[in-house]
Amino acid sequence: MSIIKRGLIIVYYGNGKGKTTASLGMIIRALGHGYKAAYIQFIKSSVSGETKFLSRLSDVLVYSGGLGFVGIMGDSKAKEEHRKKAIETLGFATGIMKDPTYYVVVLDEINCALSLGLLQPNEVLAALRSRNERVNVVLTGCTAPKEIIDEADIVTEMVKIKHIFDQGYLAKIGVDF
């Protein structure tokens with residue numbers, strides 16, 4: 001076996017909890033080795049615990065490009081407004097992925113943007129393929145299109161066995177966001 005020198009594409013998807021948390025673990029590892037990281041949100045807004053914490057760290061770039069929930073929880077924005085913001089966020093992410101300064105770039109909830117039709121697989125693949133050769137990219141979200149899975153080097157599916165949502169409870173601060 002040998003060590004792979006190029007950056008990897010890593011996908012965490014599924015209906016289970018832990019996708020964003022796993023991506024944050026990768027950021028922690030990169031920081032521990034002296035690298036810089038970027039955390040870019042596609043659906044969530046900047047009120048999550050992860051963005052509040054990561055924003056305090058000088059070696060992590062944080063960008064919240066989402067407008068929040070799409071079509072649920074009282075969202076009244078037009079889908080086209082969400083799509084425009086997702087495309088803008090992908091453009092920002094593309095620039096960051098081309099910059100060798102960032103060793104790990106997390107595209108949080110980008111798979112949700114794909115499943116909602118806010119982005120198309122070919123748009124995301126073009127961005128991934130244009131990245132700097134040393135940059136590792138992590139894509140999270142509940143579903144992942146076959147095209148993204150096929151392109152990825154590592155794919156992990158998180159499977160829900162049980163969650164408080166099943167009992168009618170909403171997301172819990174500090175646990176789910």
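1. Let's start with what is tucked away: of the 177 residues in the chain, 44% are buried. Keep in mind while you look around that this is a predicted model.

2. Next, the overall layout. You'll find six helices and six strands in the chain, and going along the sequence they come in the order β-α-β-α-β-α-β-α-α-β-α-β. The chain is as compact as a globular protein of its length, because its radius of gyration is 16 Å and the globule rule gives 16 Å for 177 residues. If you like to picture a box, the C-alpha atoms fill one of roughly 50 × 30 × 30 Å along the principal axes.

3. Now for who touches whom. Take the contacts with a separation of 6 or more: 74% of them are between residues 24 or more positions apart.

4. Finally, have a look at Cys-142. You can find Cys-142 in the loop that runs between strand E5 (136–141) and helix H6 (146–151).

5. What does Cys-142 touch, leaving out residues up to four places away in sequence? The list is Tyr-13, Gly-14, Asn-15, Lys-19 and Cys-112. Another residue to check is Ala-113: it sits 29 residues from Cys-142 along the chain, with 10.0 Å between the two C-alpha atoms.

Key:
Residues numbered from 1 in each chain as written. Predicted model: local features only at pLDDT ≥ 70, side-chain atom pairs only at ≥ 80, totals over all residues. Heavy atoms only, no water. Helix = DSSP H or I, 4+ residues; strand = E, 2+ residues; numbered from the N terminus. Contact = heavy atoms within 4.5 Å. Rg over C-alpha atoms; globule rule 2.2 N^0.38 Å. Buried < 20%, exposed > 50% of the residue type's maximum accessible area, 1.4 Å probe, protein only.
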